[in-house]
Each structure stands twice: as structure tokens, then as C-alpha cells.
Amino acid sequence: MAQERLARYDFDTILERHGSTSYKWHEIAEQMGPDSADVVPLSVADMEFKPAPEIMQALVESASRDVFGYDYVTDEYFDALIGWMKRRHGFDVKPEWVSLSDGVMPAVNTALRAVTHPGDKVIIQRPVYYPFTMACEHNGLTILDNELILDERSGRYVIDFDDLETKASDPRCTAMLVCNPHNPVGRVWTADELRRIGDICRDHDVVVLCDEIHADFTYPGHRATMFSTLGSAYADNVIEFTAPSKTFNLAGLLCSNVIIPNAGLKRRFDTAAENIGGLNVGHFGMVACQAAYQHAEGWLDQLMVVLERNLGLLRAFAGRVDGIRLIEPEGTYLAWLDCRGLGFDSPEALCTFMHVRGRVWLDEGSIFGASGDYFERINLACPTALLERVLDRLETALSER
């Protein structure tokens, strides 16, 4: 029965998304015009797959049955979230810890307003998800960059803990944004690394804001540790951000969950949310999240098989092509490519080559911070045949350069 259920999930059909409301497909047409028809975007972190049929069925049933007035969050919704966190992450979440938001970044911005004041300092770890930078700047905060270090021998990023200690000791530093698994470099921070972050932040009264939106995506040998599971002392000093949006390709339905075990810290977050009119999720976001967590686990398990296959293709491509190195991801469905060896004289030249000659639109490493210059982030959540087409075309373009 389980095998039959998995077999009916379609991860092979290449969807036609030209002319749709997809941001990443629209961006290409907007930037490149008529010459963009064959350019493939493997950039923005959503998938080139339809959502699980269990989710679509729940949405159709809701659309035909429900009245779309003001909603409250049901016990069944909390049960679905709590069950998911327990099964997938060993995380015992209590309903009273949970606040809702239409997305992780609105929640991150709200958390920053809850625990900082304009002029305070916030630690981030570049190269990192670029909305972190925007959130800090838009809230009048000074960024302290605890830049990740790429070990050139191992090809693995590590944390500079001495630098982190120095930055956290700044009396104006009041928060640290942690990304686990890390976007874009793909690290899944170990429990020991997270404890060390937690200890430094507690010692210096720095609140940890932990984005765990990619926690459901880890590769063999790695497991995402939810920050609060480290122990009560760590749970007391963290705001955790989760969502079904990456896991089940539901970003457009605007649903995320904010987990805050410390009651006082949760009151501060909820007050900050109320001060902007409140954060909540839409009706269909709640329906989709509940259906995903209760009924679509098999879809995710099959997706991970596809992602591992696609990662293998990319690994082989990087092994064949001189000048490109894969930074082996431990988690996420994104991969970080070191293109410094290709010899382009500027990040802009690399970008132009990818678009015009390679006919692929990736996320340029420079948007994640200066330490991302000459890197590219590629999205592996697409049909294998589409990835093969992109990599073959790019390999040919590089050979003819």
C-alpha cells in the first residue's frame, strides 16, 4: 500500500509556467524580454512541482464547503503541527508556544521589533539569505557580520566562534539571526555548534532568532536540530520560525508558525504583532498546512529521493567541469556552486554568461553578501529531466567559451 501511494506522486512532469503568476519565471521575461523564452530559472526557492494531491484535495473540499469569514485556529491545526514536529524532529511543542504569521520573514521582522530598538546591533552570518539584511536595515539596525569561513581544503563552511563572541559582547548587540539549515551554503549546524551559539548569546543577553524553514530537508548523515530541543536554557532564549511553505511548495498560501517557549518573550512578540495590526494566516494556508502535516508525509519522503538524485547529477557535473566546485549541501533543496575557478573578471560577467550563454537564471552569490561573489545558488527542486537539460546546456556553453 505504501509503495502504491508513493508511486502516484508525479515528480517527472515539466510544468509550463510561462505566463503564470510565478515570480521567478516572470522575472526572466521582465529582465530579458523576448530573448528569454528558453531560459530556465533555477533560482527563487520554490519548486517546479505541483503540491501533494492530499493537499490539493483538502483545498478543493474547503473551497466547496467553507465560508471564508474570520477564522480561528482549531485544535486540529495545532495537533497537526505538534504531531509533525514530534515525528520529524523529536520536538515536543505546546500549543501555547505557537504564534502564527503569513510568512517567516514577516515574523522575523516582527521579532526584531520585539527584541531590539532602532540603533541596536544584530548578528547575521553571511553569505546568508538576503532578506535577513533587508530586515535589519528596514528596522534601523546595524549589522554585525559573523562571516562564515569556507575551509578551502574540505569545501565546508564553519563558524568563526571567536569573532561571534566578540560581536555578541557589544553592549548594543541584542539579537542574532541564525539560519538552520543554512541558506545558501547548505550547512546543517550540529547540536554542539548550536549549543555554542546559544551559550555565547545567553552570556551576552543576545536573543536568538532561528529560521528553521528548511529543517525538513536534510541529506543522509545529517539531522536538523530544532533549537529548543537543546534544553530549557536554550529554549528560554529563542524564537523559532517554521513553515510548510518550503517543505510542500506552499509559499503562495502564506502560512508559518512561530514557536516561542518563553512566555515573556512570546508576549513581546505578540505585542509587536498587534502593533502592526496582527499577524495571522489565511484560511487556505491553514487548510493546506494541516493537510500537509497530517496526510502528505509520503510525498515529502519521495521528494527527498528526487532531490538526492538531482544532487548526484549536479555533483557529477561539477566533477566534470573545470572551474566549478560544488559546496556539498547537508540540507535544503538548494546548492551552492563555487565558480571562482571559471576566471570571470567580475560577478556581473559571470551572471551575464549564465543568462545569455548558459540560458539559465540562478541566484547570484553576491546578493547573499560580498563573500558570495563568484558563487551561484541553484535550486534542485525540479524534474530531473529539466535539470539535465540545464546542466547539459551550461556544460556546452562553458566548453565553447
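Cys 201 is buried, its relative accessible area being 0%, where buried stands for under 20%, exposed for over 50% and partly exposed for what lies in between, with a 1.4 Å probe and protein chains only. Please keep in mind that this is a predicted model, in which local features need pLDDT of at least 70 and side-chain atom pairs count only at pLDDT 80 or more, while totals for chains, interfaces and linings use all residues. Residues are numbered from 1 along each chain as its sequence is written, and side-chain values use heavy atoms, with hydrogens and water left out.

Staying with the cysteines, the structure holds zero disulfides, a disulfide being a pair of cysteine sulfur atoms within 2.5 Å. Cys 201 is in no disulfide, and the nearest cysteine sulfur, in Cys 173, is 7.2 Å away. Cys 339 is likewise buried, at 2% relative accessibility, and because its sulfur is 11 Å from the closest cysteine sulfur, that of Cys 351, the two are too far apart for a bond.

Let me turn to charges. Across the whole structure there are 27 salt bridges, each being a side-chain nitrogen of Lys or Arg within 4 Å of a carboxyl oxygen of Asp or Glu. One of them joins Lys 24 to Asp 46, at 2.9 Å from N to O, and this pair links distant parts of the chain, 22 residues apart, with Lys 24 in helix 2 and Asp 46 in the loop between strand 1 and helix 3. Another joins Arg 340 to Asp 338 at 2.7 Å between the closest N and O atoms; Arg 340 is partly exposed at 37%, whereas Asp 338 is buried at 5%.

Notes. Helices (H or I, at least four residues) and strands (E, at least two) are DSSP runs, numbered from the N terminus.
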